[in-house]
Structures are given as structure tokens and as C-alpha cells.
Amino acid sequence: SRIVKEAGGPFCCIEVITTASMITYEVGDNYMDAFGKIGCTNIGVMHIRNRADVANPEYFERISRCDVVMFSGGNQLRLSSTFGGTSFFQKIMDRYRDEEDFLIVGTSAGAMAMSNTMIYEGNATRAHLKGEVKITTGLGFMNDVIFDSHFEKRGRFGRLAQAVATNPACIGIGL
């Protein structure tokens, strides 16, 4: 409901991108249902699986018109590797920088991919060991932060601490 409120109300246009998930249709349906329950009717789902899908002109047009882009959970590395360097992603980034009312949101992997520095792998129980936490470039909507999701539930303090220790200019944010 916060997303809808910040986007201007139930008539806003939300595009859900399910790329990070392995169960894209189920995830898309869940978000359609959730937004529908709070009165939203202008919801689209983009089941972008690969870089060829990103080039679809329909997706580019839809991303140019929407009020909100929402990245679902799953595997954050799929987001950065699928969208990085594409005109589709550049359009999202341009809108994010230039349009005050345009929102970009994410859950789980979608949230983790938002920063420039992104954890993409690392077992929480082995995070204290050098080299166990894998880091790469994220989508870059925010610099100098590292997000880790399911922070408390999956015991990821050590993982985030290791990521920040190897990237000392960054602030760690556990979600």
C-alpha cells in the first residue's frame, strides 16, 4: 500500500518485472492479486527471461509510461546480468534520475540489486571466511550502500559485515 500511496493512488501504473524469479508467472500473479486487493487495476507484469526479451519494443514503451517499476525477488545476479548495458535499463535509469514522481521498488533480490555494490552469493554460516561472500556490480540506483535481504531471518549479519569490510566506502543495510 505504501508503493501505491507514493505513486499517487490506486490509478497509478505499476510494471512488475519478474526476471529474478524462477517462477515468473506465479510471482507475477501474486503481485497482480496483492495490488488488486488494494484497488489497483493498472498493473502489468513483464516476464523478461533474457537479454533478447529486454529488446522487446512493447516492454520499452510500457516502461516509458508507467509510474512504478517493481523488481521481484529471486536471484539478483539475473537482474544485473539481464539488464546491465541495455537501452531498456538506461530508460529506467534516466526516468529515475529525471522524474521526481517515478518510483523504483524491489523485494528481496529486487531490493538487493538496487545499489552499485551488490552481494550475489554467500552462505551466511561461512561468511566470516575470506572470499565466501561474492560481490559484483548491481543496478546502481544508489551508490555507497550494500543491501542484504532476509537479514535477521537468515542470519546474514556476518555476510553483510564481510561485504562492508571489503568495501569500506559502503554502508551496509540489512532488510
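Buried here means under 20% relative accessible area, exposed means over 50%, and partly exposed is in between, with a 1.4 Å probe and protein chains only. The helices (H or I, at least four residues) and strands (E, at least two) are DSSP runs, numbered from the N terminus. Keep in mind that this is a predicted model: local features need pLDDT of at least 70, side-chain atom pairs count only at pLDDT 80 or more, and totals for chains, interfaces and linings use all residues. Residues are numbered from 1 along each chain as its sequence is written, and side-chain values use heavy atoms, with hydrogens and water left out.

Next to β7 runs β8 (residues 171-174), parallel to it and joined by four bridges. Two strands pair if DSSP finds at least two bridges between them. In this pairing Val 145 sits opposite Ile 171 of β8. The loop from β7 (145-148) to α8 (157-166) holds Arg 156, which counts as buried because its relative accessibility is 12%. Not counting residues up to four places away in sequence, Arg 156 touches Ala 124, Asp 148, Ser 149, His 150 and Phe 151; contact means heavy atoms within 4.5 Å.

Now for the open sheet: four strands in the order β2-β1-β3-β4, with parallel pairing. β2 and β4 (103-106) stand at the edges with a single partner strand each, so one side of each has no neighbour in the sheet. Ignoring direction, neighbouring strands are turned by 20° against each other on average. Inside the sheet, β1 and β3 share four bridges in the parallel sense, and Glu 15 stands opposite Val 69 in β3. Helix α4 lies across β1, β2 and β3, running at about 140° to β2. Axes are lines fitted to C-alpha atoms, for helices over the stretch in contact, and angles run from 0 to 180 degrees between N-to-C directions.

Helix α2 (residues 24-37) has 14 residues and reaches 20 Å from its first C-alpha to its last, close to the 20 Å expected at 1.5 Å a residue. That expected span is 1.5 Å times one less than the number of residues. Its two sides compare like this:

| State in α2 | Residues |
|---|---|
| Buried (under 20% relative accessible area) | Thr 24, Val 27, Gly 28, Tyr 31, Phe 35 |
| Exposed (over 50% relative accessible area) | Tyr 25, Asp 29, Lys 37 |

Down the axis of α2, the buried residues fall within an arc of 100°, so they line one face of the helix; the arc is that of the directions from the helix axis to the C-beta atoms. Their cover includes α1 (2-6), β1 (14-17), β2 (43-46) and β3 (68-71). Just after α2, Gly 39 takes a positive phi of about 95°.

What about the cores? A nonpolar core is a set of buried Ala, Val, Leu, Ile, Met, Phe, Trp, Tyr and Cys residues joined through side-chain atoms within 4.5 Å. The largest has 27 residues, and Ile 17, Phe 71, Phe 83, Phe 88, Ile 92 and Phe 141 have the most contacts inside it. At least two residues of this core come from each of α4 (57-65), β3, α5 (76-83), α6 (87-98) and β7, and α6 gives the largest share, four residues. Apart from this core lies another, of 15 residues, including Val 27, Ile 43, Met 70 and Leu 103.
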